[in-house]
Amino acid sequence: MSSAVRRLSQYLFKRYSASAPAPPAYVAPPPSKEELNYADLSIIDLSKAKTAEGRKALAEEVVKAMGSHGFFYVINHGYTQEQTTRVFSIANLTFDDVDAEEKKVYTGQSGTVYEGYKPRQTWKIEDGVQDQIEHYNINRDVRKREHPQALRPHLKEVEAFARHNHFNVLYPILRLLALGLELPEETLVEQHKFEAVGESSVRFMKYFPRSKEEEKRTKQVWLKGHTDIGSVTILWSQPIGGLQILSPDGEWRWVRHIDNALVINAGDVLTFLCGGFYPATRHRVIQPPADQVGQPRLGVFYFSMANDAVKLIPHEESAVLKRVGIQRLCEDKDAPTMEEWRKNRTLAYGSSQLVPSEEKGVEEEVISGVVVRHYN
């Protein structure tokens, strides 16, 4: 990230936050003090990506992180703790300061794209239990649709936040991933252009506590093990635990909170485009640790997707893939576009009938000719 881009990010934050009313302050609860089985994730210092030498070194770290866990942290990403706290306050008002009737007006109507509110009890979890997750989705073009009254004074800040995620976090990470494949730095960036038609988006998400009976019936799983639809998921770390990743040894391990850090993982699209070299990471959300049970869990995300028109075929020109081989999800002639993959996966999620896999604890469905697995 160049110093000029970083300065612009700080300027836009100060300008827009100064001209907008302060949102009701969201005070994050303290992190869990429970002794948990945490994943040992790498920490990538994005400030080192300013030079070619720094990017080369970071690319090696990212390749190692993707190969071991598929998740890593990012620090020094250009937002201060003050900015991050304000974003979480805006996210929280989207749920707490909008009444039920207005939420109905802004509930997404499309089955093939996440937009507006997704109400609680939309997705099937297990044994007749539905989710208790509410989220609000905003396309990176925040003016594409109208938004609830409480959010409107903060739209410029949300717009600046979307652009920051895309230009100052996603693009540097895509460059590191390309370098890891010995491709030109801009190879993946060109497939994820901000100005192209696509559905990269900001998501505010709130997980609400469930009844003891629901927890028992679902074995405390709030969101089944899955892989993400898109390319790179950017999660802004928050202190309420629950996120777990499936480690290579088959153990579910917790993701530890780090103040003002980002948690990064690969989605399905990277598996397509990078020939399996960066596999989509299996993760789930379960009930928070014992000392946090009963507290709502607020999340802030940026879900990146390739341009809608991109055909999801591997970069065969990669010298790395030529050496290690390509693991295709389907034949190139059958590969979906980003738009087709996004629509079909979104339409099926939480509603399709899954069938047991030969692998224990795994259920499957076929989407666009590709086997998609869900992990219990």
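**Aromatic rings and their labels**

Reply: In this predicted model, Phe 167 and Tyr 171 are four residues apart in helix H5 (residues 155-180), so about one helical turn separates them. The structure holds 11 aromatic pairs.

Me: Why is the pair of Phe 167 and Tyr 171 called edge-to-face?

Reply: The ring centres of Phe 167 and Tyr 171 are 5.3 Å apart, and rings pair if their centres lie within 6.5 Å. Their planes stand at 80 degrees; over 60 counts as edge-to-face.

Me: Is Tyr 171 buried or exposed, and how do you know?

Reply: Tyr 171 has a relative accessible area of 5%. Buried means under 20%, so Tyr 171 is buried.

Me: Why is the pair of Tyr 207 and Trp 222 called stacked?

Reply: The ring centres of Tyr 207 and Trp 222 are 6.2 Å apart, with the planes at 25 degrees.

Me: Which parts does the pair of Tyr 207 and Trp 222 tie together?

Reply: Tyr 207 belongs to strand S7 (residues 201-207) and Trp 222 to strand S8 (residues 221-226), so the pair ties together parts 15 residues apart in sequence. Tyr 207 and Trp 222 are both buried.

Me: What makes Arg 140 count as sitting over the ring of Phe 194?

Reply: The charged end of Arg 140 is 5.7 Å from the centre of the Phe 194 ring. The distance cut-off is within 6 Å, and the charge must also be within 35 degrees of the ring normal.

Methods
Residues are numbered from 1 along each chain as its sequence is written. This is a predicted model: local features need pLDDT of at least 70, side-chain atom pairs count only at pLDDT 80 or more; totals for chains, interfaces and linings use all residues. Side-chain values use heavy atoms; hydrogens and water are left out. Rings of Phe, Tyr and Trp (its six-membered ring) pair if their centres lie within 6.5 Å; planes under 30 degrees apart count as stacked, over 60 as edge-to-face and the rest as tilted. Helices (H or I, at least four residues) and strands (E, at least two) are DSSP runs, numbered from the N terminus. Buried means under 20% relative accessible area, exposed over 50%, partly exposed in between (1.4 Å probe, protein chains only).
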